[in-house]
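Dear colleague,

I am handing over the structure below for your records. My notes on what was found in it follow directly after.

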Amino acid sequence: MTKLKLYSKNSARCVLLLNIFLIACLTFGCSSSTAPTFQVSGIEKAIRDICKNEYKIDVSVKLIGETLWIYIPVEDIFVKANKPVKYTDKYEISENKIEFKDSNFNLRYAVKIIEEKEKTQDVTYNKKVIEKTDNVWKSLRRVLFSMKRSKKENEPKFFCFVTADIKNGFETRDLFYYLDLKKVSYGFISPGEFQHRSVQESTVDLKIIGDKEGGHLDYADIAMKDFIAGQIMHRIKLKFQKPEIEKNADIDKEIEKIVSLTIKIYDFRDFNEVDFYNSLTKNRVILNRAAVLAGPIEQKS
């Protein structure tokens, strides 16, 4: 399986995610139903039925522990853009990975300033695919916000939204946290911040071709430590690929800010320290939990 780099600037991927959210809010509003309609035990069937009966869309839905997976088979995610988008790269990321081992986060990164070069993005998201994924998104939100809560059942905390181009073997995944969805729905965080908190990945794999049921996926229950690790890598990509900072920023300090921000957002304390290793400069910094939690927090608007 090959991972793809996110598009650097004016990413169609970011636009797609925000469009899906905004249309859903306009369609259903930002308040949940006062009378629960769906049960946790029936969430898979409820989403499948709404997608099938109301939108003529076949999806696969699986609840694994506290993680709900939704698989949407489509064709031709990308089409040629009528007007190519120009963008400029300022940074290059050659390494960006993190693992959680022995109660520690171990982060390795390599980010360098490069000579600015103008590039062109000549593909865009297929409007038919956007419409289909938007309808699935609305179906999910409708069920979640009309679901009867139960202490006896595992309610979904994480959601993995998989859009698979079964014709070309390309796939996008969006992983997000339920409380973040509630916060953006009620206006406590902005759609832009929600996009930063939604871990996004793109992959190419021959196994995707012709897979209408999502059989190639390794379904798993996502743990908070893994979600945080994924979000840190995602934020690093957004920070330096869009980019969100000036060209001569202190790379090490910016990455320390990202880690502190992400951990503090979720008040995650089940770790001992974070090991930062810059594989370009060979610089290593190890911060204990207290130092990480005391770090700066800069909330996006």
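Helix 2 and helix 3 are oblique to each other, because their packing angle is about 135° and angles over 145 would be needed to count as roughly antiparallel. Please bear in mind that this is a predicted model.

Helix 2 covers residues 43-55 and helix 3 covers residues 127-144, with 9 Å between their axes. The crossing of these two helices is right-handed. On the side of helix 2, the residues in contact are I43, A46, I47, I50, C51, E54 and Y55. They meet N135, V136, K138, S139, L140, R142, V143 and L144 of helix 3.

Four strands form an open sheet in the order 5-6-11-12, and their pairing is mixed. Strand 5 (78-101) and strand 12 (283-288) are at the edges, each with a single partner strand, so one side of each has no neighbour in the sheet. From one strand to the next, the twist averages 25°.

Within this sheet, strand 11 (residues 273-278) runs antiparallel to strand 12, and six bridges join the two. In this pairing, N278 is placed opposite N283 of strand 12.

Finally, a helix accompanies the sheet. Helix 7 (residues 251-265) lies across strand 5, strand 6 (104-125), strand 11 and strand 12. Its direction is at about 105° to strand 6.

Yours sincerely

Terms used
Residues are numbered from 1 along each chain as its sequence is written. This is a predicted model: local features need pLDDT of at least 70, side-chain atom pairs count only at pLDDT 80 or more; totals for chains, interfaces and linings use all residues. Side-chain values use heavy atoms; hydrogens and water are left out. Axes are lines fitted to C-alpha atoms, for helices over the stretch in contact, and angles run from 0 to 180 degrees between N-to-C directions. Angles under 35 degrees count as roughly parallel, over 145 as roughly antiparallel, 65 to 115 as roughly perpendicular and the rest as oblique. A crossing is left-handed if the near helix is turned anticlockwise from the far one by less than a right angle, and right-handed if clockwise. Contact means heavy atoms within 4.5 Å. Two strands pair if DSSP finds at least two bridges between them.
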